[in-house]
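The following note concerns the relation between the chains and selected salt bridges.

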There are 2 protein chains.
Amino acid sequence: MSRSPFEEDILSRVRPTPEEVEHLRTISDRIIAYLMECHRRPSMVVGSVARGTFVRGDRDLDIFMLFPPDLPRDDLAREGIGLGRAVVDYFGGTAVEKYAEHPYLNARIFDLDIDLVPCYHVVSAREIQSAVDRTPFHTRYIIPRIAGFVDDALLMKQFTKAGGVYGSDHMTEGFSGYLCELLVLYYGGFNQLISKAACWRPGMVIDLENHMQRSFSEPLVVVDPTDPNRNVAAALSLDQMCAFIELARAYESEPSDAFFTIHSPVSFTRSQVRLALAERGTSLYTISFPTPPYVPDTIVPQLRKSMEAIRELLERMGFSVNRNDCWMGEDRSVILFELFNDTVPPVVRHIGPPVTNGDNAGRFIRKYVEKNPLSGPFIENGRYIVEIRRSYTEAVALLSSTILLDGSLGKHVRKAMAEHGWEVARDADCWNEDLSVFLASFFERSSPAVRIMRMGGE
Amino acid sequence: MSRSPFEEDILSRVRPTPEEVEHLRTISDRIIAYLMECHRRPSMVVGSVARGTFVRGDRDLDIFMLFPPDLPRDDLAREGIGLGRAVVDYFGGTAVEKYAEHPYLNARIFDLDIDLVPCYHVVSAREIQSAVDRTPFHTRYIIPRIAGFVDDALLMKQFTKAGGVYGSDHMTEGFSGYLCELLVLYYGGFNQLISKAACWRPGMVIDLENHMQRSFSEPLVVVDPTDPNRNVAAALSLDQMCAFIELARAYESEPSDAFFTIHSPVSFTRSQVRLALAERGTSLYTISFPTPPYVPDTIVPQLRKSMEAIRELLERMGFSVNRNDCWMGEDRSVILFELFNDTVPPVVRHIGPPVTNGDNAGRFIRKYVEKNPLSGPFIENGRYIVEIRRSYTEAVALLSSTILLDGSLGKHVRKAMAEHGWEVARDADCWNEDLSVFLASFFERSSPAVRIMRMGGE
């Protein structure tokens, strides 16, 4: 399939400039030289910069420092962070220590965002000790193969970015750069990939090296060419896979520039929140607390788990949840619920044992005859039912109660909530500047193709 | 098991007086003689009066007029009703024509309630043409066997009456007199029956003549000794069977007079209804319409069916029903719903096709992109979801709408509602004098043993 004129046009905008490439190369060469000459530490550039598949303006540099595999993990971490700090001191810049599977240094040197990551220098992907050790193998696999497909990879990355499905972090649950590249390689080009993806189904398996050794449960399986036991698309959620299918279908039937255009996100003012709630007739509740001091990939799944636990509690207590979402900020994190009803009547039915279960039935009756329930015990479908008074008739009281901590919250989330408490806000009071984009996307939620169709219609 | 002193005491109150027996015999003899002498029509007394097992004050006389089996049904009905009217004219009284499986005359002669029922005089229960033809066989089966158990049968009837489980009509769904007698015969006495019934389980089968020929699906099966294909307990609902099990268990563990005491029913005033609703925090709705001109056993199941259909509609439209009930009066019938919420927010989620179903997904998206929904379409668990505006946000609007007639209502109920319309009342306005007992039993609903335990505690 030949490239259309506007795809060429997109490419002329997303291809990195020669100056950019030169700048990145100069900086990375200097850091690698410094590490080798002053610290006798071999290192390599990995990621899209190394593979030449980064889009213009992506100033992320990943430098992996290679350590012998027999070095204990604690030493690897300590020495790696130490070396990273030495780089920052030498070149001048700022740095933040971060933790993925093990610690690394996220530095800002000149105008670049540079991850300085210690890893083990193993000879085969089978010997890796942690996920980061695998990255150099990916780089080595892609570089010789991507040659005729760099433009296709750039289109795919820009397409997924504009569609909101780029990124394998836990918040996005989308396509990593490496996954984009493998798909382009597998299908032999961007347009070929789009045409096939329009017909994907969950359960799809792609195995470039035909070396799969086990089955995978994720909706899309792309067996890592460097490791038969790993699914490169493991982070891709069903819904993000579907979003990509939808985008591919929409693009195939009516290709346009809009599929590559990244818009600055919409944000809602406080009164837009008030207006949206008035139109919907629902109530909005947020609980917020200090963000636990860990990377998003640790905290986001915990926020989601906590959100599900609290949602179940709300539903069990009679508050009907339409939708929920969560947001992790630098300082505070937020779990949000939209409720169809935020009060419930005092009466609640409590289901007792079958009447024919003599012992339990007797205990149940004796207990509730004395308790002065609102009605019952009476018999319904062979069981006892009693109508009693609820503990919580208002959502705000339930969400403010420490009963929340009894649910299966994420570990660090529970700790933050237990130690610092949490704030419950309601309706327009949920709004603050930090949440203006999050709230807009909550109320204006739509699939990527729908968003693009709407923009076309405007 | 020997009879306890208070059981003897109960018996002295429920045994018919000699005057009563004499009076019933005199009247029935005169009617039977009149039918034979003036119309050459053989007839017989059936029911508990014939079997000597009626409780004091039960002034119901069932006289069955026997016609040859080759008479066409229409003639049987016409001649039967004509003969009945002749009886009423001759003795003086009033009469109402009623329809069960076929027409009969319900007469008031002297101070007795007399059913004058035409039936076919068949020689074996296998040849019966309708349910009423079976009744004479029941009478002939019981009379020779009940001799030593008349007092037990009286205790059983009084026990089930006081417990609210006596009567095989569709409203009660309880124990018929014939069923009470068969159970007493089977277990060899009232106390023996109570002791076994305390351990009954649904699925229980009793077959006095060991001649069952097919399986039955009802919770209690008592094979008719006069017809192996009939379950005498077919009308008994699971919940009324459970109520009897509960009563038996409670009586066995703490026998008392209270289990035989019939209290006049509690009734609620308008302000008691208001108070109960305030305490429960729920809303009450009734729809009422003219009672269709048929016997309760025809209309009550239709009211229940209609109630279920409307309940499903309410739930589907977002109104959460706690309980419902129905009531059939002489003039008007009522279906009642207690709602946890009687308003719902305008927003409702509408679930679309799976994203991977290309054709449907495309149609769905195109439809809703133009429709300006509140949110979406967006993707959730692989399907499209769109949040749109509800048609009905208030229960009163839904219950007043002709959309009710689209549900699977009972035939005569639908006709009455379509022809005469229906009234919707809310909360305390649901109350009227006719419903004062019905509403009290709705709010003070409890199983019979619980009611008796509470009375004991007062």
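1. The model is predicted. Within it, Asp257(A) is partly exposed, its relative accessible area being 30%. The partner of Asp257(A) in a salt bridge is Arg13(A), with the closest N and O atoms 3.3 Å apart. Arg13(A) belongs to helix α1 (residues 5-14) of chain A, while Asp257(A) is in the loop between α9 (238-253) and α10 (270-280), so the pair ties together parts 244 residues apart in sequence. Arg13(A) is likewise partly exposed, with a relative accessible area of 42%.

2. A second salt bridge joins the side chains of Arg311(A) and Glu315(A), at 3.7 Å from N to O. Both residues lie in helix α11 (residues 296-316) of chain A, four residues apart, or about one turn of the helix. Arg311(A) is partly exposed at 22% relative accessibility, and Glu315(A) is partly exposed at 35%.

3. In chain B, Arg134(B) and Asp227(B) form a salt bridge of 3.3 Å, N to O. This pair links distant parts of the chain, 93 residues apart: Arg134(B) is in the loop between β5 (112-120) and α5 (135-145), and Asp227(B) is in strand β8 (residues 227-231). Both Arg134(B) and Asp227(B) are buried.

4. Over all chains, the count is 48 salt bridges. A network of salt bridges includes Arg280(A), Glu338(A), Arg349(B) and Glu387(B).

Notes
Residues numbered from 1 in each chain as written. Chains lettered and ligands numbered in written order. Predicted model: local features only at pLDDT ≥ 70, side-chain atom pairs only at ≥ 80, totals over all residues. Heavy atoms only, no water. Salt bridge = Lys/Arg side-chain N within 4 Å of Asp/Glu carboxyl O. Helix = DSSP H or I, 4+ residues; strand = E, 2+ residues; numbered from the N terminus. Buried < 20%, exposed > 50% of the residue type's maximum accessible area, 1.4 Å probe, protein only.
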